[in-house]
Amino acid sequence: MATKIKPEGMRAWRAFLDAQASILRHLEAELLAEEGMTLAEYDVLFQLAVASERRLRMTELSERVRLSRSGLTRLVDRLVEAGLLTRGHCQSDRRGTFAVLTPSGVDRVRRARPVHLRGVGRHFVERLSPDQLAAVAEALEPLGEDMPKPRLAKPNGKQSGKLDR
């Protein structure tokens, strides 16, 4: 069944794709230049830093960082080799594996975070007015409703998910 999309729909779609590609390219280049870190590496470390107990099952981490399972496995292997992550076994499911952020990983994401936030500000936030930012959020939030939401509270009730010291 062929579907015809009106020109304004295609214009919005192309603008979304172009903006995403441009912003991600800038963020990646800045992280590489200043921290020697890819955006995917930062994303994995950040997702673990804000997760309960600073760990996630590999399947959940894959959904949050939008990598294939094989791509995530290779990336996690490199981060384990660098001492930024460890792997842990799930007690309730022998097949399950956790990616666990190490203290070195916490330090690494803390150092890279200002570079990332500065880039988000420079390449996205500062280029739009407050009204445009609100409109973008309002338009895009419903499109991402099926994405997993992070669980930030530890089971023992202590706060997690902070990168502050």
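This report describes salt bridges, the nonpolar core, a helix contact and some loop residues in a predicted model.

**Salt bridges**

The structure contains seven salt bridges. Three of them are listed in the table below, with the separation of the closest N and O atoms for the pairs of glutamate 30 and glutamate 60, and the N to O separation for the pair of aspartate 77.

| Glutamate 30 | Arginine 122 | 3.1 Å |

Glutamate 30 bridges to arginine 122. The former belongs to helix H1 (residues 7-35) and the latter to helix H5 (residues 103-123), so this pair ties together parts of the chain that are 92 residues apart in sequence. Glutamate 30 counts as buried because its relative accessibility is 13%, a value under 20%. Arginine 122, by contrast, has a relative accessibility of 38% and therefore counts as partly exposed.

Glutamate 60 and arginine 64 are both buried.

Aspartate 77 is part of helix H4 (residues 69-81), while arginine 87 is part of strand S2 (residues 85-89), so the bridge ties together parts that are ten residues apart in sequence. Aspartate 77 is partly exposed, at 38% relative accessible area; arginine 87 is also partly exposed, at 35%.

In soluble globular proteins, nonpolar side chains tend to be buried together. The largest nonpolar core of this model has 27 residues, and the members that touch the most others are Val44, Leu45, Leu48, Leu61 and Leu85. Two or more residues come from each of H1, helix H2 (39-49), H3, H4, strand S3 (97-101) and H5. The greatest contribution is that of H2, which supplies six residues.

Leaving aside residues up to four places away in sequence, leucine 48 touches Arg54, Arg55, Leu56, Leu61, Leu85, Ala99 and Leu101.

**The contact of H1 with H2**

The axes of H1 and H2 come within 9 Å of each other and cross at roughly 85°. H1 is therefore roughly perpendicular to H2. On the H1 side, the contact is formed by Leu24, Leu27, Glu28 and Leu31, and on the H2 side by Leu39, Ala40 and Tyr42. Six of these residues are nonpolar, one is charged and none is polar.

**Loop residues**

Most residues other than glycine have a negative phi. Glutamate 53 has a positive phi, near 60°, and arginine 54 has a positive phi of about 55°. Glutamate 53 is found in the loop between H2 and strand S1 (55-57), and arginine 54 likewise lies in the loop between H2 and S1. Glutamate 53 is partly exposed, with 38% relative accessible area, and arginine 54 is partly exposed, with 23%.

Alanine 82 occupies the loop between H4 and S2. With a relative accessible area of 52%, alanine 82 is exposed. The C-alpha atom of alanine 82 is 9.0 Å from that of glycine 105, a residue 23 residues apart from alanine 82 along the chain.

Methods:
Residues numbered from 1 in each chain as written. Predicted model: local features only at pLDDT ≥ 70, side-chain atom pairs only at ≥ 80, totals over all residues. Heavy atoms only, no water. Salt bridge = Lys/Arg side-chain N within 4 Å of Asp/Glu carboxyl O. Helix = DSSP H or I, 4+ residues; strand = E, 2+ residues; numbered from the N terminus. Buried < 20%, exposed > 50% of the residue type's maximum accessible area, 1.4 Å probe, protein only. Core = buried A, V, L, I, M, F, W, Y, C linked by side-chain atoms within 4.5 Å. Contact = heavy atoms within 4.5 Å. Axes fitted to C-alpha atoms, helices over the stretch in contact; angles between N-to-C directions. Parallel < 35°, antiparallel > 145°, perpendicular 65-115°, else oblique. Nonpolar A, V, L, I, M, F, W, Y, C, P; charged D, E, K, R; others polar.
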